[in-house]
Amino acid sequence: MTPALEIDGLTKRFGEKLAVDAIDLRVPQGSFFGLVGQNGAGKTTTLSMAVGLLRPDSGSARIFGEDVWSAPDRAKALVGVLPDGLAMPERLTGREVLTYLGLLRGLPRDVVVGRTDELLAVLELDGADQTLVIEYSTGMRKKIGLATALLHAPRLLVLDEPFEAVDPVSAATIKTILRGFVVGGGSVVLSSHVMALVEQLCDHVAVIDQGTVAAAGTLDEVRGERSLEDTFVALVGDEDGGVKELSWLSR
Amino acid sequence: MAVAVTMAAMKVAALRHSLRGTRAQLAGTGAALGAVLAGGTLYLAFGDLDLLAAAYAVWLLGWLLGPVFMGGGDETLRPEYFSLLGLKPRELATGLLFAAFVGLAPLVSIVALTGLVIAGVRLGPGNALVAVPAMLLQLAVFVLLSKVGVALVGLGLRSRLGAIGTGLVNGTILAGLGQIWVVFWALGQTGIPTAVAYLPSGWGLLAVRGVWWAIPALVALVLVLLGAWAALLTRRLGATRTSGSGRRPIRAASPGGAIVAKELRTWSRDLVRNYQLTFALAYGVGFAASPLLIGWNGMLPYAGPIFVVMAAGLAANMYGTDGTALWLTLMTPGARDVRGRQLAWLSVHAPIAIVLTVVCTAITGGPWPLILALLPALLGGAVGLVPLISVYGLVPGTDPHRRANNPLRTSEDDGGLTGQAYAALAAVAATAVPAALAAQWFGWAGPAIGVATGLLSWWGFGALAERRLHSHGPELLNEMRTGRKATGARSIQTRFDQLPTGRKAIAWWCFGFGAIPLFPQGVVAAVFVANGMTRQSWFLATYVSPGLRYPVAIGFAVLGVAMYAGGTWLVLPKRTKRQGSRPTPPTEAL
């Protein structure tokens with residue numbers, strides 16, 4: 001079966017720094033795939049290149065077999081993306097953002113209206129009909145971003161830190177939505193540095209360290225007998241365990 | 001006091017870091033220019049002291065207006081940085097004032113203000129002694145008036161009414177400065193009005209000349225301004241409000257319609273855009289109407305065209321001001337973003353421009369063919385070039401939700417924004433040249449040509465912009481995300497920065513002063529000569545013997561064009577390099 005997302009030798013260099021070094025990844029259809037790594041490991045850069053938001057120096061990415069760079073129209077119609085920290089059309093309300101993007105995707109008007117209502121209600125954003133996105137809190141921005149990723153009913157979701165700054169109740173809602181999506185045959189790739197969350201949600205996981213894949217496979221293959229956190233620290237931490245203390249702070 | 005010293009030290013440290021590499025060169029050029037101006041001011045101190053007072057009035061104007069038009073002024077130390085420290089507003093303002101004294105502009109200004117000491121020495125030992133405190137107080141007045149001015153504009157931009165009011169005032173002031181010759185003409189004098197000496201910029205000089213109240217007045221003014229600034233700082237630390245009325249639902253049913261709907265909402269809700277629109281309108285009307293003061297209405301019909309050109313200049317960073325929201329455009333490759341933005345821009349600006357033009361031209365009774373040729377040509381040129389300039393010469397903006405509480409500061413790259421605005425002004429004006437020439441030579445053929453070139457610019461430049469957005473979208477997004485040019489991209493700005501110092505200075509002069517021979521001494525002078533208005537003002541062509549008038553005016557116009565052409569030639573790349581995935585040396589990253 002064609003992988004939902006297939007990454008071949010993606011490489012990106014920023015000046016002196018090799019941010020992503022020839023990464024290969026396969027995300028099988030119907031899998032819930034977690035990408036974990038330290039800050040600056042190259043997760044965001046990899047995901048940006050995989051969906052066509054950042055041009056790689058070399059390598060390729062295919063979404064359900066469609067090349068992101070040579071057939072962008074077909075590839076991008078199949079994927080919903082939540083990037084981390086990028087702007088939105090800031091002077092629109094949440095409802096207007098979704099209406100705008102739905103129409104932009106070429107959806108019929110009545111479909112757009114229906115899905116917008118439903119998304120706003122489920123993500124508990126419907127109370128903010130008068131609020132412009134620029135006035136949203138960080139958590140609300142995540143939620144409206146997720147709504148834009150889901151709006152056109154893609155077959156693959158690529159989510160960069162989807163749970164950051166989201167309150168526990170909304171997080172539970174989002175988890176339920178994502179699990180339902182995977183049960184229905186959809187595929188999800190998400191990045192996170194919260195190991196417990198990845199362990200709880202994902203069936204596949206890849207550990208990224210300094211721009212390369214340190215380990216990848218099903219969750220059980222990667223963590224073995226240990227917890228994911230222990231495996232992760234062992235894979236990417238310093239030799240001495242990497243845990244330091246502040247002498248002046250603990251009395 | 002410890003706070004003030006610490007803040008000044010922070011500023012020094014920040015300046016030391018920023019004054020490296022290309023920025024240092026830029027600062028060096030600025031310092032050289034400032035030194036020339038300061039030298040000129042000092043020279044005046046040896047002569048007529050009324051002229052010196054006028055020169056200080058100009059310095060004050062520079063301090064007041066510079067930051068408003070150049071992206072909000074120096075923000076090296078932002079008040080927000082200190083909001084968690086629990087400083088009293090007055091303490092914060094005093095500290096920031098001390099920090100504001102550190103920098104190039106204050107340094108240059110204090111050099112210019114040593115003119116007070118020179119004047120004092122000429123007048124007597126007592127006067128020289130007074131000059132020292134007068135100098136420092138005067139500088140404090142400059143810096144504080146500048147800070148209070150920016151803070152007031154920032155406050156104005158928090159409500160729609162304020163944004164519109166500020167735009168009107170600033171547009172009118174800038175237009176008035178551009179047409180200052182009208183004022184001189186109207187006053188019928190070449191001397192300095194006595195009132196100038198009594199402006200706050202002249203109080204230091206008054207003190208030196210022995211006016212007893214001047215020093216106390218300066219001290220009082222500094223204290224009042226400091227208090228005002230402290231009060232404004234506490235207002236600034238509150239959240240920026242956006243206008244929140246009238247949420248009409250989006251009725252569009254197509255991708256193109258959705259883009260227009262989004263843009264129109266942004267035009268009406270973004271207070272910075274409200275400000276830019278009213279600014280352009282006030283500028284157009286002010287510039288064209290000010291010669292009415294001397295009973296000449298020949299410029300009035302051009303209010304509409306000037307408005308269009310100015311609005312295009314202010315909107316030239318169309319994609320940059322939206323920041324990283326570009327990712328949504330990249331993820332929906334089927335939609336034609338540029339066309340939608342063009343349509344929205346036109347539907348906001350064209351009605352105003354058309355009404356303004358028709359009304360003003362009806363008042364003067366013509367020249368209809370020329371005006372009706374210019375208007376469609378400029379509207380088309382603007383709506384085509386604005387997106388094109390914003391994708392080819394993108395100045396990375398700060399994302400709207402990450403901007404500090406200074407609404408005027410949409411980007412960290414002031415120089416880039418200014419250059420881009422000038423480029424847009426010149427390029428848009430140039431699109432009307434064929435139509436204007438046709439109107440001059442063949443009368444009513446002009447409007448037909450204007451409509452044709454307008455449509456062509458709209459369609460053609462728009463198509464080019466769309467293509468660039470398609471082919472370089474990820475690079476533009478990366479520029480926006482990191483605030484620097486993608487590797488391999490060679491913008492005008494970086495090319496400018498990479499010029500050798502000598503050539504860069506020449507290019508600066510060409511772009512900075514090319515307008516003087518071209519417009520006042522060339523075009524306007526020719527119009528005056530043509531209308532037989534030879535009451536000598538400051539147009540050189542009206543001074544010479546009748547046979548030489550046109551040659552002199554034309555000569556100046558040619559000189560102006562040559563300066564622009566020379567500057568462009570210096571900045572243009574000497575050999576074309578194909579940009580692409582070729583890795584570039586890391587030194588290029590700014």
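This is a predicted model: local features need pLDDT of at least 70, side-chain atom pairs count only at pLDDT 80 or more; totals for chains, interfaces and linings use all residues.
Reader: What makes the pair Arg269(B) and Glu96(A) a salt bridge?

Author: The side chains of Arg269(B) and Glu96(A) meet at 2.7 Å, N to O. A salt bridge requires a side-chain nitrogen of Lys or Arg within 4 Å of a carboxyl oxygen of Asp or Glu, so the pair qualifies. Between chain A and chain B the count is four salt bridges, and over all chains it comes to 22.

Reader: Why is the pair Arg62(A) and Asp8(A) said to tie together parts of chain A?

Author: The closest N and O atoms of Arg62(A) and Asp8(A) are 2.8 Å apart, and the two form a salt bridge. Arg62(A) belongs to strand S4 (residues 58-63) and Asp8(A) to strand S1 (residues 5-14), so the pair links parts that are 54 residues apart in sequence.

Reader: How many residues of chain A and chain B are in contact, and what area is buried between the chains?

Author: In chain A, 42 residues are in contact with 41 residues of chain B. The area buried between the two chains is about 3700 Å², with 62% of this given by carbon and sulfur atoms. On the side of chain A, Leu53(A), Arg91(A) and Leu104(A) lose the most area to chain B, together 19% of what that side buries.

Reader: Which element supplies the largest share of the side of chain A that touches chain B?

Author: Between the chains, 13 residue pairs are in polar contact, both residues being at pLDDT 80 or more. Several elements of chain A each supply at least two residues to this side, including helix H1 (43-51), strand S6 (79-82) and helix H5 (138-150). The largest share, six residues, comes from H3(A). By class, this side of chain A has 20 nonpolar, ten polar and twelve charged residues.

Reader: What makes up the nonpolar surface patch of chain B?

Author: Leu33(B), Trp508(B), Trp509(B), Phe513(B) and Ile516(B) make a patch of about 470 Å². Nonpolar side chains are joined within 5 Å, and each residue must have over 30% relative accessible area. Helix H23 (residues 501-513) gives the most, with three residues, while Leu33(B) lies in helix H2 (residues 21-45) of chain B.

Definitions and conventions:
Residues are numbered from 1 along each chain as its sequence is written. Chains are lettered from A and ligands numbered from 1 in the order in which they are written. Side-chain values use heavy atoms; hydrogens and water are left out. Contact means heavy atoms within 4.5 Å. Buried area is the accessible area (1.4 Å probe) that two parts lose on being put together, summed over both. A polar contact is a pair of N or O atoms within 3.5 Å; within protein, one must be able to donate a hydrogen and the other to accept it, and residues adjacent in sequence count only if both atoms are side-chain atoms. Helices (H or I, at least four residues) and strands (E, at least two) are DSSP runs, numbered from the N terminus. Ala, Val, Leu, Ile, Met, Phe, Trp, Tyr, Cys and Pro count as nonpolar, Asp, Glu, Lys and Arg as charged, and the others, Gly among them, as polar. Patches are made of residues with over 30% relative accessible area and no salt bridge: like charges are joined within 9 Å, nonpolar side chains (Val, Leu, Ile, Met, Phe, Trp, Tyr) within 5 Å. Accessible areas come from the Shrake-Rupley method with a 1.4 Å probe; for residues, only the protein chains shown count as cover.
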